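My entries follow in the order I made them.

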Amino acid sequence: MAKYVGRRLLALIPTLLFISLVTFLMAQLAPGDPIMLMAGEKATPETIERLRSQYGLDKPLHIQYIDFVQNAVRFDFGLSFYSKRPVSEVIVQGFGPTMTLALIAILIASLLGISLGSAAAYYKEKPLDRIAVAVALLGVTVPNFVLAPLLALIFSVRLGWLPVAGWDGAEYFVLPAIVLAARPMAMIARLARTAMTDALSQDYIRTAYAKGLTAREVIWRHALRNSMVVTLTGIGNSFGFLLTGSFIVETAFGVPGLGYKGVQAIQQRDFPVIQATTLLFATLFVLVNLTVDLLYHWLDPRIRQGGEKS
């Protein structure tokens, strides 16, 4: 197991370097000159050159990239073009709301998705199964930017039960978390239904029933446990989706997280913040997938034995 983990961690290095290169080039190839925006139309050439030197933009491109990687390893992304604050402070300030929202959403998506999918598999081809499939289909097909204003219109504007936007208390978490959890919940439900259907058709399930176990005991002790190996992959991938999907949801509900700050940075052409948020989201996505892969490797003895042989 230790060798497998070591190989996977080593494989992350070229992946992260490629991500850093793409992130760096995105900012370089973007239209517009942020220095000109900072300096203003009436700035003198001396002022423009001083700002370029201050932000290291007067160096050759390959030197800028090397400096970018070295500084990123130290979590130093320089100063924001717009606020003049250290970018690391902006990232730390927005990280808490983003992770809080993502964790709440993945908890909702996992609980509802597994419950819905398992119930659909147990009552296959019955009305509950059809309802679960329809809910999952809606969750996959309705995008966040449609669901967010729709729920805000119903529960905030018309009914007045929840605040429209902000981040000042538990009631502000409800709508963003539901919107963010909708699509992952549907994906997890579909995976759970397929995995549970397969598990319920296995011989050990019939043996468990033959031993006199109740349906609840069979599902909880045997079917659900074995189906979770497949479902876990969907939960991990969904968590990565929650991080990237936060751009739309946080902007729609005014959540001061990384997604909201990333959108603001794009509008302001604040390249250091854009680079930092993009690199951080991509790194988190890669690390989440690695964690899920390691858990999958640990939970399934067949994969674990195959990895040890290789």
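**Cavity**

I searched the whole structure and found one cavity of 30 Å³ or more. The model is predicted: I needed pLDDT of at least 70 for local features and 80 or more for side-chain atom pairs, while totals for chains, interfaces and linings use all residues. Residues are numbered from 1 along each chain as its sequence is written, and side-chain values use heavy atoms, with hydrogens and water left out.

My terms: on a 1 Å grid over the protein atoms alone, a cavity is a set of points where a 1.4 Å probe fits but cannot get out; a pocket is an open set with protein on both sides within 12 Å along at least five of seven lines; lining residues have an atom within 4 Å of a point. Points are joined across faces, edges and corners, and a volume is the space filled by probe spheres set on them.

The largest cavity has a volume of about 30 Å³. I listed its lining: Pro163, Val164, Ala165, Gly166, Glu171, Tyr172, Pro176 and Phe253. By class I get six nonpolar, one polar and one charged. Here Ala, Val, Leu, Ile, Met, Phe, Trp, Tyr, Cys and Pro count as nonpolar, Asp, Glu, Lys and Arg as charged, and the others, Gly among them, as polar.

**Core**

Phe253 turned up again in the largest nonpolar core, among the residues that touch the most other members. Such a core is a set of buried Ala, Val, Leu, Ile, Met, Phe, Trp, Tyr and Cys residues joined through side-chain atoms within 4.5 Å; buried means under 20% relative accessible area (1.4 Å probe, protein chains only). This core has 68 residues, and Val179 is also one of those that touch the most other members. Helix 12 (residues 271-299) gives the most to this core, with twelve residues. Helices are DSSP runs (H or I, at least four residues), numbered from the N terminus. Domain 1 (1-74) and domain 2 (90-305) both contribute residues, so the core lies between them. The domain bounds come from an automatic or database assignment. I put the C-alpha centres of the two domains 32 Å apart.

**Pocket**

Next I checked the largest pocket, with about 610 Å³ of space. Its lining has 26 residues; Tyr55, Gly56, Leu57, Gln64 and Gln275 lie nearest the centre. Helix 4 gives the most to the lining, with four residues. Helix 12 supplies at least two. Each domain provides at least three lining residues. The classes are 13 nonpolar, eight polar and five charged.

Methods
Buried < 20%, exposed > 50% of the residue type's maximum accessible area, 1.4 Å probe, protein only.
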